[in-house]
Amino acid sequence: MSFETLLPQLQDEAPVSAVDLSALSGLRGDDRTRFLDVWRGLSIQRRRNVVDRLAEMIEDNVELDFTAIFLTGLVDDDVQVRADSIKALWEYEGADLVAILLRLLKDPEAIVRAEAALGLGRFLLRAELLEETSRRVEEIEEALREVIRSEDEIVEVRGRAIESVGVRGHEWVHDLIEDAYASGDRRLQISSVHAMGRNADLEWLPTITEEMHSDDAEMRFEAATAA
């Protein structure tokens, strides 16, 4: 199906296949503008279904590029579209995404804030691997530390922020992981074990090994994943 044919199909809520949706790959210029005009008029469920389907498609075909649609999804009115769009941009490294994710750390919905925290972790991982130090990296670290320290933030979001900063080798990151593990809060402990694995410091190995043999099934799973 061509792009021209697909747009009215989307508006009519008619069934569309993965092959049909591939016409949305690489949208630029006027085509992108026309798509956005149509997108704004689609039902919430239609937008959710499209983002979900496109996310599945890029996992199977790396040549497809739905970046323009996922970036649009980040500012969608629907919480699920925003959260799923963040996850779908897992390979996107454009500098423009950092500013958006930092803003989404203050989203009204916790699920979006949690996904934004995880999304920022990708940029910290890249910085760690490339030994990069920049104002952008410092801004990400400070924003995530603020989330972790916030008593008003729910534990799920704080945990995701801990997992994200876990890739960094700073002493304060080590302290954060240690404090989360000793906190007594099960959710923070799970995130701390995950952060230990991302941190790749051999000092954490005994703790990860111990948790792999614990009676807590969820903790065993996280420890195995971390290892």
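The model is predicted, so local features need pLDDT of at least 70 and side-chain atom pairs count only at pLDDT 80 or more, while totals for chains, interfaces and linings use all residues. Residues are numbered from 1 along each chain as its sequence is written, and side-chain values use heavy atoms, with hydrogens and water left out.

Me: How many helices and how many strands are there in the protein chain?
Reply: Helices (H or I, at least four residues) and strands (E, at least two) are DSSP runs, numbered from the N terminus. Read along the sequence, the pattern of the chain is α-α-α-α-α-α-α-α-α-α-α-α-α-α. The count is 14 helices and zero strands.

Me: At roughly what angle do the axes of H10 and H12 cross?
Reply: Axes are lines fitted to C-alpha atoms, for helices over the stretch in contact, and angles run from 0 to 180 degrees between N-to-C directions. For H10 (residues 155-165) and H12 (residues 186-199), the axes come within 8 Å and the crossing angle is roughly 15 degrees.

Me: Which word describes how H8 lies relative to H10, parallel or antiparallel?
Reply: The axes of H8 and H10 are 8 Å apart, and the two helices pack at an angle of about 5 degrees. Angles under 35 degrees count as roughly parallel, over 145 as roughly antiparallel, 65 to 115 as roughly perpendicular and the rest as oblique. H8 is therefore, relative to H10, roughly parallel.

Me: What is the volume of the largest pocket?
Reply: On a 1 Å grid over the protein atoms alone, a pocket is an open set of points where a 1.4 Å probe fits, with protein on both sides within 12 Å along at least five of seven lines, and lining residues have an atom within 4 Å of a point. Grid points are joined across faces, edges and corners, and a volume is the space filled by probe spheres set on the points. For the largest pocket, this volume is about 230 Å³.

Me: Which helix supplies the largest share of the lining of the largest pocket?
Reply: The lining has 17 residues, and those nearest the centre of the pocket are Leu118, Arg160, Glu163, His194 and Arg198. H6 (79-88), H8 (110-129), H10 and H12 each supply at least two lining residues. The largest share, six residues, comes from H8.
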